[in-house]
Amino acid sequence: QVLLVESGGGLVQAGGSLRLSCAASGRTFSIHPMGWFRQAPGKEREFLAAISWNGGNTYYADSVKGRFTISRDNAKNMVYLQMNSLKPEDTAVYYCAMDGGEPDGGVPLTPNRYNYWGQGTQVTVSS
């Protein structure tokens with residue numbers, strides 16, 4: 001059983017920053033790709049960023065490229081999402097996810113490839 005717990009969400013003004021954290025337990029964290037997604041009311045879950053097992057490769061959605069940074073600390077079983085220059089349209093529930101399947105060297109960019117999810121943390125950006 002994998003447990004992912006996000007933290008760090010909250011209310012921030014436009015232009016501000018937040019750092020989301022995701023603590024993982026219950027599986028060998030260091031061998032699995034991790035991703036961050038978000039979902040706004042009435043919208044589909046959206047890919048934001050993903051990181052390979054060793055942090056050597058990162059991927060971003062165009063909507064957050066240059067503003068968000070994903071990172072991980074395998075010694076602490078943690079993955080992070082640093083969010084800068086936040087906009088009101090970034091308001092959503094943010095989720096971390098693990099691709100807990102057999103490692104194949106790939107890094108998924110779609111929600112259906114991730115089989116473990118956290119409960120989400122709310123990020124609200126005021127204008």
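Which side chain meets that of Arg113 in a salt bridge? The partner is Asp104, at 4.0 Å from N to O; a salt bridge here is a side-chain nitrogen of Lys or Arg within 4 Å of a carboxyl oxygen of Asp or Glu. Arg113 is partly exposed at 40% relative accessibility, and Asp104 is exposed at 56%. These classes follow relative accessible area: buried is under 20%, exposed is over 50%, and partly exposed lies in between (1.4 Å probe, protein chains only).

The model is predicted, so local features need pLDDT of at least 70 and side-chain atom pairs count only at pLDDT 80 or more, while totals for chains, interfaces and linings use all residues. Residues are numbered from 1 along each chain as its sequence is written, and side-chain values use heavy atoms, with hydrogens and water left out.

By the salt-bridge rule the count comes to 6. A network of salt bridges links Arg38, Glu46, Arg67 and Asp90. Arg38 is buried at 7% relative accessibility; its side chain meets that of Glu46 at 2.8 Å, N to O, and Glu46 is partly exposed at 30%. Arg38 also forms a salt bridge with Asp90, the closest N and O atoms being 2.8 Å apart. This pair links distant parts of the chain, 52 residues apart: Arg38 lies in strand 4 (residues 34–39) and Asp90 in the loop between strand 8 and strand 9 (92–98). Asp90 is buried, with a relative accessible area of 1%.

Strands are DSSP runs (E, at least two residues), numbered from the N terminus, and two of them pair if DSSP finds at least two bridges between them. An open sheet holds 4 strands in the order 1-3-8-7, with antiparallel pairing. Strand 1 (3–7) and strand 7 (68–73) stand at the edges with a single partner strand each, so one side of each lacks a neighbour in the sheet. Strand 3 (residues 18–25) and strand 8 (residues 78–83) are joined by 6 bridges, and Leu18 stands opposite Met83 in strand 8.
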